[in-house]
Structure formats: C-alpha cells, structure tokens
Amino acid sequence: MAGIVEFQKVGLRYGRGAETLSDLDFVLERGSFHLLTGPSGAGKSSLLSLITLARRPSRGLIRLFGEDVVTIDRARLPAFRRRIGIVYQDFRLIPSISVFENVALPLRIVGAHPNEIDASVTELLAWVGLDARARALPSMLSGGEQQRVAIARAVVTRPDLIVADEPTGNVDPEMAGRIFHLLESLNRLGTTVLIATHDIHLIGRAPQAAMMRLNRGTLDDPTGALRHPPARQAPYP
Amino acid sequence: MTGLAPDLLAQRRLLGPLAWVIAAICLIATLASATALTLDHGARSLAGSLAGRATVEVSSDDPVERERHAEAALRLLRGRPEIVAATPVSQAEVARLAEQLGADAEDGLELPTLIDVTLRPGVSADALTAQLLPIPGVRLLPQAQTLAPLAAVLEALDHVALGVALVAAVSALLASGLAAHAALAAHEAAADILHALGATDRQLSRLLERRIGFEALAGAVLGSLMGGGAILFIAAKLQGLDKGQVTGTSLHFGDWAVLAAIPLLLSAAAVAMTRVVVMARLAKAA
Ligand SMILES: Nc1ncnc2c1ncn2[C@@H]1O[C@H](COP(=O)(O)OP(=O)(O)OP(=O)(O)O)[C@@H](O)[C@H]1O
Ligand SMILES: [Mg+2]
C-alpha cells in the first residue's frame, strides 16, 4: 500500500466530554497534496496532532508509513516523528537559541554532520529571506518571520510527510505565495503534504489539491478524494 | 552521536538553588566523613597501642620497700619470654598523671611506681597476674580495660558521623530528584518541541542530566572547599593538643582522597537520579 497516513474509525476525546473527532476514515497517498479546511474549533489542529504523534486517539486505528502507530511502543515514536515535518499554528520555536539553531535542530537531533547542517540551514534561511537574521533570537522576529523559521525547520530534513497548520496565517500574500510554492516544490519531489488552512487564497491557488473538510469533528469528503484518491497528479503549472 | 546544545533549555541564572543545596550537603558530608575517618584512626591507634600493653603498678607506703618491690617486679618481667620490654615510668611522669587524675602532689600521698610493659602480639596481659602475685603491693593495670569506655565512645561517635554522611548522601539524591522534576516542568514547552522533532527520551534526559550535573558539581566543589577549609582550621587547632596524647587524630593522604571523591560522587549521584526521574516521567507521557 502506498498510503502514508491511514485513519480507520478514529475518534479523539479530550477528557470526559464529547468526542472532538469522530469516525475519521481516510487515506493520504504517498506524494499527495491535501488541504484540510473547516471552521475554527472544528478539530483541524487536533487531527494534525494525531498524525504527528503528539497524542494517541481514544479509539480507532492509525497507520503511518504502513505501520500501526496507536499501539506502538513509545521508544519507536521518535523514528516516525523524524520522518514528519511539522509547522505549528503557534510556531513553537525554542526561544533560547538562535534562528539558525532552531532550523538546525531537527538535523542535530538525527546527528547530522556539522557541514551538512551548515549548508542546509544556510540555504533554507536564504530561501525564506532570513539569512540576515540567522543569529537573532526568535523573540526579535516578527510573527511572519517566525513563521518562516518554523517552515524552514519543518522542511530542513526533507521529511516524507509535511504537516502544516495555517502556515500562511501570519505572512503577507507575497510570502504566502512563496511558502505555498515551496511546499508545492517539495510535493513535486515526492513529499506528501497536508495543510490545514482557512486561507481562501491558498485554497484558490491549489485547485488540484485534494480537499478535506472537517465539520464538528467529522470529515466531509466534498470531492470524494479521500475515499477514492486520484492517481498521482501531474505537476502543477 | 553529537549531543544537543545545553542552551536549548533556557536558564535565568548560571546556578539554580540546587547548587546551593548541594553545597550545604557536601559541606556536611565532608565534615562528617572527616570526623568519621579521624575517629576511626583514633580508635584504631588506641586499640593498637593498648592491645599489647599493660601497666604494672607497685604501691607501698614505704618508698624504700616500694623501690625494692619494683626492682623485683622489673627483674621478673624482663625474664619472661612473652614480655618484649618493661620500662619504669619516671616519677615526674607519674606525678603528672596523678595530677591529671585530680590528685594533689601536696596531699602527701605516696605515688606508686609504674612499669610500662609491652607484650608479644597475641599475649594477654592477664597471664602476668599470676606471675606477679608473689610480690606484695603489685597490681596489673590492663590499659585496654581502663580505656574501654573511651574506645566505645569513639566507636559510637564514628558511627554517628558515618550516619550523618549517609543522610547527607540521601539528601543529595532527594534534592537532585526534586530539581530534575522542577527542571522538566520548567522546560516542558522545549521538551515537547524536541519530542515532536523526533528527539528520544534519552536525548532529552541527557540535556537535563548535563544541566543538573553541572549545578550539582559546582555546588559540591564549593561545599567541598568550605569543608576542606574547616578541616584544615580544626587540624591547626588540634596540633597543639596532639602532643603526648593519643596519636592518629590527623587525616592521612588516603583520607583526603576520600574527601575529594565526595563532590564527584554527589554529582554522579545527582546525574543518575536525574536520569531515573526524567526517564520515568517521560515514560508516563503519551
Ligand atoms: N488540549 C486540549 N484539551 C482539551 N480540549 C482541546 C484541546 N485542544 C483542543 N481542544 C478542543 O478541541 C476542539 C478542536 O480544537 P482544534 O484546535 O483542533 O480546532 P481547529 O480546527 O484547529 O481550530 P482553529 O481553526 O481555530 O485553529 C476545540 O473545541 C478545542 O477547545
Ligand atoms: Mg487549529
């Protein structure tokens, strides 16, 4: 199976209340590009947190890269997480280290060679237009700049799967376009991309992306793309 | 594998409260250990110097008769194969001892003649009692017996000092455990991010171990230096007291090595405790 993410009857409940997510059934194919939309509070970030292994579901089965990750031993989680690049809605940069070190962090965690780290981080920072701010602390950056750092950190290891929560929420339309273009390019190189967003412009920019709509914890499948995923799409214009 | 940079975990001060707690604990542990070692030497040297020794007391109201009996006892003792040496104690020394025991030389009390006897190893002083019986006014004072209460006091103090050192070690462990808990809580956000980026529990734990190990070592070295200073100060004061008293009240080279090892052991214990606490806490998370 080429499914990189597979959900079967997945439910998530915070505490004792009603389920925040219910009966989620879908497959994200390797190399696909998905947009996850839905009103605020619908559970988009919650769904992403299940995929990124930040929490385990209350019920159901989740497979990542073909393996059941619900009952998986805790010691094996880091290996899965290293294959996923995450852009958080609230960035989650580490405040005590420089922009450069924040972007380098995933590479340091996997024990990459310092030369490789230098080259990759420098290149990515230039790409998101922050090469001049490499030595700055995150707190010295604007919201949009921090978001670009978060994106650089998410892609620096060339992960198999990129999960981005509102990656263009704090940037101007031009930077939003650049970020979207970066994610598209990575997708064309084979990376599976899932973006949660309210951004109408972003949605409009990707008519070929598979849409997922969350509504009060359940998934609509307006295009039928989830149950019957289209074949690998042709490169975008 | 290259470690993660320690500055991942923000820090307001170079040294947190743990350093000061460990400094105090290390000071106590150093002083208690030094006390235990000193008392141990004291007890040993006391036992060693007493085991093969006895004192023969010759008393009589008539000084001439006393001298005669003393001569006889001395001759008898020197003729025995189990006696290594028999030396009369000078009258001046006897007078000094008597004074120490509270007797006044002006009392007109006749002082006894004392003979220090060194026995062959393994020979009990009791065996001499029968030999000396025929000479009137002669009594055997086995020193080990007269000083037994002192030896017992030394031993008890030694145990108390060791106990204090142990309590200090346990306190260091508990303080490190608490500090590890606190550090993990304080750095929860950074820890969550590192986890999400694929860091293992061991990688995270190592960051905290390094932080807490550094604090503990800094504090322990400080406490150790203060303790060493206090010991040298007391040793200087003891120098005057040591003359003619029970010897062996000073620390040997090996003892200083033991004392120097205390801060290292405390820091190692702090690191080990951090690892246990952090790994256990992380294992409980999702
Ligand atoms: N850690 C949590 N504990 C308890 N409830 C939570 C937690 N995280 C989210 N929720 C609840 O789950 C629901 C879905 O939240 P979630 O953040 O997933 O929504 P969202 O679709 O990402 O919203 P937004 O578009 O505003 O980011 C909300 O009602 C929220 O209050
Ligand atoms: Mg959200």
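Two strands pair if DSSP finds at least two bridges between them; the strands (E, at least two residues) and helices (H or I, at least four) are DSSP runs, numbered from the N terminus. This is a predicted model, where local features need pLDDT of at least 70 and side-chain atom pairs count only at pLDDT 80 or more, while totals for chains, interfaces and linings use all residues. Residues are numbered from 1 along each chain as its sequence is written, chains are lettered from A and ligands numbered from 1 in the order in which they are written, and side-chain values use heavy atoms, without hydrogens and water.

**View 1. The E1–E2 hairpin of chain A.** E1(A) and E2(A) run antiparallel to each other, paired over seven bridges. To get your bearings, find A:Val10, whose bridge partner in E2(A) is A:Leu24. Five residues separate the two strands of this hairpin, and A:Gly15 in the turn has a positive phi of about 65°. A:Lys9 sits within strand E1 (residues 3-13) of chain A and is exposed at 53% relative accessible area (exposed is over 50%, buried under 20%, partly exposed in between, with a 1.4 Å probe and protein chains only).

View 2. Strand E4 (residues 59-64) and E5(A) are joined antiparallel over two bridges, and A:Leu64 faces A:Glu67 of E5(A) across the pairing. In the loop between E4 and E5 of chain A you'll find A:Phe65. A:Phe65 also takes a positive phi of about 50° without being a glycine, but this residue is buried, with 14% relative accessible area.

**View 3. The open six-stranded sheet of chain A.** Here the order is E6-E7-E8-E3-E9-E10, and the pairing is mixed. E6 and strand E10 (218-220) of chain A take the edges with one partner strand each, so each has one side left without a neighbour in the sheet. Ignoring direction, neighbouring strands are turned by 20° against each other on average; such angles run from 0 to 180 degrees between N-to-C directions, using axes fitted to C-alpha atoms (for helices, over the stretch in contact). Strand E3 (residues 33-37) and strand E8 (residues 192-196) of chain A are a parallel pair with four bridges, and A:Leu36 is the residue opposite A:Ala196 of E8(A).

**View 4. Helices on the sheet of chain A.** H1(A) lies across E3, E6, strand E7 (161-165), E8 and strand E9 (210-215), at about 155° to E7(A). H5(A) packs on the sheet too, touching E6 and E7 of chain A, with its direction at about 175° to that of E6(A). Helix H5 (residues 143-155) and helix H6 (residues 173-188) of chain A have axes that come within 12 Å and cross at roughly 5°. That makes H5(A) roughly parallel to H6(A) (under 35 degrees; over 145 is roughly antiparallel, 65 to 115 roughly perpendicular, and the rest oblique). Contact (heavy atoms within 4.5 Å) brings A:Arg148, A:Ile151 and A:Val155 of H5(A) up against A:Met175, A:Ile179, A:Leu182 and A:Leu186 of H6(A).

**View 5. Helix H3 of chain A.** Nine of the 11 residues of H3(A) are buried, so the rest of the structure largely encloses this helix. Among the buried residues are A:Val99, A:Phe100, A:Asn102, A:Leu105 and A:Ile109. Just past the end of H3(A), A:Gly111 has a positive phi of about 75°.

**View 6. The magnesium ion (ligand 2).** Its protein donors are A:Ser45 (OG) and A:Gln89 (OE1), 1.9 to 2.3 Å from the ion. Donors are N, O and S atoms within 2.8 Å of the metal (3.2 Å for Na, K and Ca), and water is not among the atoms, so sites may look incomplete. A:Ser45 belongs to helix H1 (residues 44-51) and A:Gln89 to the loop between strand E6 (84-87) and helix H3 (99-109), so the pair ties together parts of chain A that are 44 residues apart in sequence. A:Ser45 is partly exposed at 33% relative accessibility, and A:Gln89 is partly exposed at 42%.

**View 7. A helix pair in chain B.** Helix H6 (residues 148-186) and helix H9 (residues 253-284) of chain B pack at about 45°, with 8 Å between their axes. That makes H6(B) oblique to H9(B). The contact includes B:Ala169, B:Leu173, B:Gly177 and B:Leu184 from H6(B), and B:Leu266, B:Met273, B:Val277 and B:Arg281 from H9(B).
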